[in-house]
Amino acid sequence: MNIIIPNYEILNFETESLVVSDLGISRIHSQPLLKALRKLKLSNVMSREALGEVLTESGLNPNDAFEFLEGVIPFKSVEEIYFEKTIVIHDWGGQADIENLFRQGMSGCLEFKSFSSGVDKSIRELRCFIVLLCHSYEYESVKKLYFDLAQASPKSAISVCWQMGSVFCIGQPYIAQIGNPCHFCAVDRLINNESVMPARNSWASVLAFCRQQHVGVPVKPLSLYQEMMAVGAVIRMIRFFTEYNGGYKYQDNILYGAYLQLADGRIFEEPTSHWSMCDCLRADK
């Protein structure tokens with residue numbers, strides 16, 4: 001069983017401390033209890049066993065202390081998180097230290113891999129939230145890795161994030177077991193439309209050319225501010241799916257791609273539908 005740790009504040013005075021939460025204001029004189037509360041404040045969610053370990057390490061009786069804390073802060077019990085860990089696969093070569101940004105912005109199990117790390121072999125039988133964060137979009141390598149991951153772990157969610165001209169795209173998660181539209185339903189449709197009616201999408205025409213030449217799509221370097229905006233938007237997306245936020249998630253509001261306008265930071269969403277020629281609809285995928 002997991003316990004959501006709600007927001008609360010600790011106010012320290014000379015003779016006592018006050019804990020302010022949705023349940024009200026409580027006076028705390030016990031230093032071991034205050035030590036435990038400061039540790040718990042660093043987490044959003046924690047297993048009942050881990051919470052007991054924090055109380056024990058602070059010199060408290062875990063059962064008695066937990067019973068007391070239930071009257072001070074509004075704990076909420078929830079079931080296990082579906083995704084066991086988050087994996088960010090990237091080749092980012094910009095100014096920002098994106099791995100540090102991810103560590104600061106997220107909780108839970110987080111791993112970083114490169115596009116050539118053979119990550120598909122390490123996720124078999126696991127349920128992971130996987131992000132392919134592309135600095136330069138190389139169609140063939142992204143597509144091969146994407147479907148290798150989907151085949152190795154059909155219960156995992158895979159999202160591709162990449163720069164498309166003046167827009168940074170955050171792809172909707174694709175879970176092979178569910179069979180929702182995948183990243184390439186959108187990208188291959190763009191390429192096909194470009195071949196039928198050229199110049200409707202300049203990025204698609206560049207992608208089609210680079211695909212024929214087996215090179216990555218060139219991108220305009222982003223400013224540090226734009227990089228941090230893009231990474232921040234990706235972190236918000238990951239947290240929406242992998243952390244408890246007190247709300248409900250429905251198919252209508254999760255299977256959308258998001259687009260961040262790099263000029264002004266505005267975000268808009270767009271649903272993705274299946275493309276009849278996409279590899280995700282093949283029986284062997």
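The largest cavity is lined by Trp162, Cys169, Ile170, Gly171, Gln172, His183, Ala186, Gly257, Ala258, Tyr259 and Thr272, where a cavity is a set of points, on a 1 Å grid over the protein atoms alone, at which a 1.4 Å probe fits but cannot get out, and lining residues have an atom within 4 Å of a point. This is a predicted model, in which local features need pLDDT of at least 70 and side-chain atom pairs count only at pLDDT 80 or more, while totals for chains, interfaces and linings use all residues. Residues are numbered from 1 along each chain as its sequence is written, and side-chain values use heavy atoms, with hydrogens and water left out.

**Largest cavity**
- Its volume, the space filled by probe spheres set on the points, is about 60 Å³.
- β11 (167–170), α6 and β13 (256–261) each supply at least two lining residues, and β13 gives the largest share, with three; helices (H or I, at least four residues) and strands (E, at least two) are DSSP runs.

**Second largest cavity**
- About 50 Å³ of space lies in the second largest cavity, whose lining includes Trp92, Cys134, His135 and Glu227.

**Arg189**
- Arg189 sits in helix α6 (residues 183–196) and counts as partly exposed because its relative accessibility is 22%, the class between buried (under 20%) and exposed (over 50%), with a 1.4 Å probe and protein chains only.
- Beyond its neighbours within four places in sequence, Arg189 is in contact with Phe184, Ser273, His274 and Trp275, contact meaning heavy atoms within 4.5 Å.

Definitions and conventions
On a 1 Å grid over the protein atoms alone, a cavity is a set of points where a 1.4 Å probe fits but cannot get out, and a pocket is an open set with protein on both sides within 12 Å along at least five of seven lines; lining residues have an atom within 4 Å of a point.
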